[in-house]
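Reader: I have a model open and want to learn how to read its features. Can you take me through it?

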Amino acid sequence: MGVLSTLMRGLVRGADRMSEFTSKRGSRTHNKGRGSRPAGLRLSSRKFLSIRAMIPEFVVPHLEGFKLKPYVSYRSPRGTEPPLTAQSLFDQAVAPQIRRDFREGAFSRDQLEKYGFEPTQEGKLFKLYPKNYVR
């Protein structure tokens, strides 16, 4: 691109957009280093107090001898397992326990909490309303 076209683009779009973006041009919370918030607090004495809990910690597993590659091609064949549904999860996790207790004579409808059934959703962060719950 030539010098004249660069100058014309600066005049048309505005000269301010062409200048270098520094931390003085960003908001008060903009950190020029990574474009993220600082990992600490600025005290009233204008000093910076670094807080260890605010510093990002990257946990990287040890991959020596790992045979899989990080890329999966779009040409790879689709998976053979059916998608996981609530019914299949129940059949795999809870149904064998209920069948075993029923055969042994230890099954009771009053003790369904033993199998993970929750009669109410009180105290839950995300409340689920399946068909058997009264709304």
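Author: We will look at a helix contact, a salt bridge, some aromatic rings and one aspartate. This is a predicted model, where local features need pLDDT of at least 70, side-chain atom pairs count only at pLDDT 80 or more, and totals for chains, interfaces and linings use all residues. Residues are numbered from 1 along each chain as its sequence is written, and side-chain values use heavy atoms, with hydrogens and water left out.

Reader: At what angle do the axes of helix H3 and helix H4 cross?

Author: Two packed helices are described by the angle and the distance between their axes. Helices are DSSP runs (H or I, at least four residues), numbered from the N terminus. Axes are lines fitted to C-alpha atoms over the stretch in contact, with angles from 0 to 180 degrees between N-to-C directions. Here H3 spans residues 86–93 and H4 residues 95–104; their axes cross at roughly 45° and come within 4 Å. That makes H3 oblique to H4 (under 35 degrees is roughly parallel, over 145 roughly antiparallel, 65 to 115 roughly perpendicular, the rest oblique).

Reader: Which residues make the contact?

Author: Contact means heavy atoms within 4.5 Å. H3 contributes Phe90, Asp91, Gln92 and Ala93; H4 contributes Ala95, Pro96, Gln97 and Ile98. They divide into 5 nonpolar, 2 polar and 1 charged. Ala, Val, Leu, Ile, Met, Phe, Trp, Tyr, Cys and Pro count as nonpolar, Asp, Glu, Lys and Arg as charged, and the others, Gly among them, as polar.

Reader: Which side chains meet in a salt bridge?

Author: A salt bridge puts a side-chain nitrogen of Lys or Arg within 4 Å of a carboxyl oxygen of Asp or Glu. The count here is 1. Asp101 and Lys114 form it, at 3.1 Å, N to O. Asp101 lies in H4 and Lys114 in the segment after H4, so the pair ties together parts 13 residues apart in sequence.

Reader: Is Asp101 buried or exposed?

Author: Buried means under 20% relative accessible area, exposed over 50%, partly exposed in between (1.4 Å probe, protein chains only). Asp101 is buried at 8%. Lys114 is partly exposed at 49%. Leaving aside neighbours within four places in sequence, Asp101 contacts Ala106, Phe107, Lys114 and Tyr115.

Reader: How many aromatic pairs does the structure hold?

Author: Rings of Phe, Tyr and Trp (its six-membered ring) pair if their centres lie within 6.5 Å; planes under 30 degrees apart are stacked, over 60 edge-to-face, the rest tilted. The structure holds 2 such pairs. Phe102 and Phe107 are edge-to-face, 6.3 Å centre to centre, with 65° between the planes. Ring pairs link Phe102, Phe107 and Tyr115 into a cluster. Phe102 is exposed at 61%; Phe107 is partly exposed at 27%.

Methods: Helix = DSSP H or I, 4+ residues; strand = E, 2+ residues; numbered from the N terminus.
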